[in-house]
Amino acid sequence: MATALIDLDDLDLFVSGDPYAAWAWLREHAPVYWNATPDGGYWALTTYADVSAVYRDPVAFSSKDGTVLGGSFRSATDTATGQMLICSDPPEHRLLRHHVHKAFDKRMMHAAAEHVRAYLTDALDRLTADGGGDFATDVAPTLPAGLLAAMFGIGRADALHLLHLTRTMIGFRDEEYVRDSGEALTLVGAQVEIFDFLTELLDRRRAEPGEDLVSILLAAETNGRGLTESQILYNALNVAVGGNETTPFTASAIIETLIGHPEEERRLHDDPSLVRTAVDEFFRWTSTNAYVRRTATKDVTLRGIRIPAGQTLTLWNSSANRDESAFPHADRLDLGRAPNHHLAFGVANHRCVGMSAAWMEITLLVEELVRRRLRFTPSGKIERLASNFMLGIKHLPVEVAA
């Protein structure tokens, strides 16, 4: 494999190719790699050490231009810059994180767990009774639906509607979600619909505050000043997208992983005490949020390569989590792996604010699989999302194994 053949912007690599082989080659031969694109290009960092180092240096590597390539319509700089948690740097980031984090307290997580458990139980009961189904559409969405129902104080139907909108926003380049207007307008259209949904919710919470995320953000103050409406909406969007997209894709990836690793699956079913380490290993192994974007604020040098100020870098979490220098036998699934300092949630000040929620959701799923001794076999073709940002399974047809 040569770098000329590696294009991390080529969606076919993530739909039908092997991105892990590409990342392995880059880690060994070109860990600081310029990925050219028709409109310029970006640097790709693929080793654990480099990805960790850039995460930990928000001064030299800014989040203000956004964390996704092409995430804003006709704008090189994300329109949420400085207003959304993931698109901000210190000190704004610290202040926003303080407010958003209040929505992930023990009370909220307990309520969310009750919703997730109820939704998940119903979905698995139906799947089991039917002898199988499409895990990616029948079961996986119940995890974020339960979380959002609790965190936004909305019903199941509204939670699933919001999930559809965020999936369209993330999958705007995928033929299943792209609208007749084309990719760019699919993206902006989904964003507009999400903001309309959240604006209506914001108006209701102004009239009747509750204990949900929007009410918490409405009541937030910094030095006696409340958040602006755009700050509230952007950070509600941040939580909706983060909560909606990563966990269902992780859930489906876990089922695919267990089907492909029957010995580790038996090990888990035979020893439920492995659930905690298994959840961490699943996050490392699946790493559904493939990369995050950063922008160099000054000229920097990485591994002897000069990166000019203003250029874009991508931190490939999915690659870093398979780096042999950080994880012994990194290409082997080990549900008892410890320690396991994976980067699935980032690290340092930009560690995912919703990590506790994701942990809760995936732990409930794994515990339920073990409790039921539920196993699956494939019953059709797996379909993957056309995206290099989210490693997602759109359809996962399975049968319940005897």
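**View 1. Glu265 in helix α12.** Glu265 lies in helix α12, which spans residues 262–270; helices here are DSSP runs (H or I) of at least four residues, numbered from the N terminus. The model is predicted, so local features need pLDDT of at least 70 and side-chain atom pairs count only at pLDDT 80 or more, while totals for chains, interfaces and linings use all residues. Residues are numbered from 1 along each chain as its sequence is written, and side-chain values use heavy atoms, with hydrogens and water left out. Glu265 counts as buried because its relative accessibility is 5% (buried means under 20% relative accessible area, exposed over 50%, partly exposed in between, with a 1.4 Å probe and protein chains only). Beyond neighbours within four places in sequence, Glu265 is in contact with Leu258 and Arg375 (contact means heavy atoms within 4.5 Å).

**View 2. Packing of helices α7 and α8.** Helix α7 (residues 142–152) packs against helix α8 (residues 156–170) at an angle of about 120°, and their axes are 9 Å apart. The contact involves Thr142, Pro144, Ala145, Leu148 and Ala149 of α7 together with Arg156, Ala159, Leu160, Leu162 and Leu163 of α8.

**View 3. Surroundings of Met151.** Setting aside residues up to four places away in sequence, Met151 touches Ala103, Phe104, Met108, Met109, Asp212, Leu213 and Val239.

**View 4. Residues 72–78.** The mean pLDDT of the protein is 91, and 95% of its residues reach 70 or more (pLDDT is the predictor's confidence in each residue, from 0 to 100). Over residues 72–78, however, the pLDDT is below 50, and this stretch has 15 contacts in the model beyond near neighbours in sequence. Where pLDDT is low, predicted coordinates should not be read in detail.

Key. Helices (H or I, at least four residues) and strands (E, at least two) are DSSP runs, numbered from the N terminus. Axes are lines fitted to C-alpha atoms, for helices over the stretch in contact, and angles run from 0 to 180 degrees between N-to-C directions.
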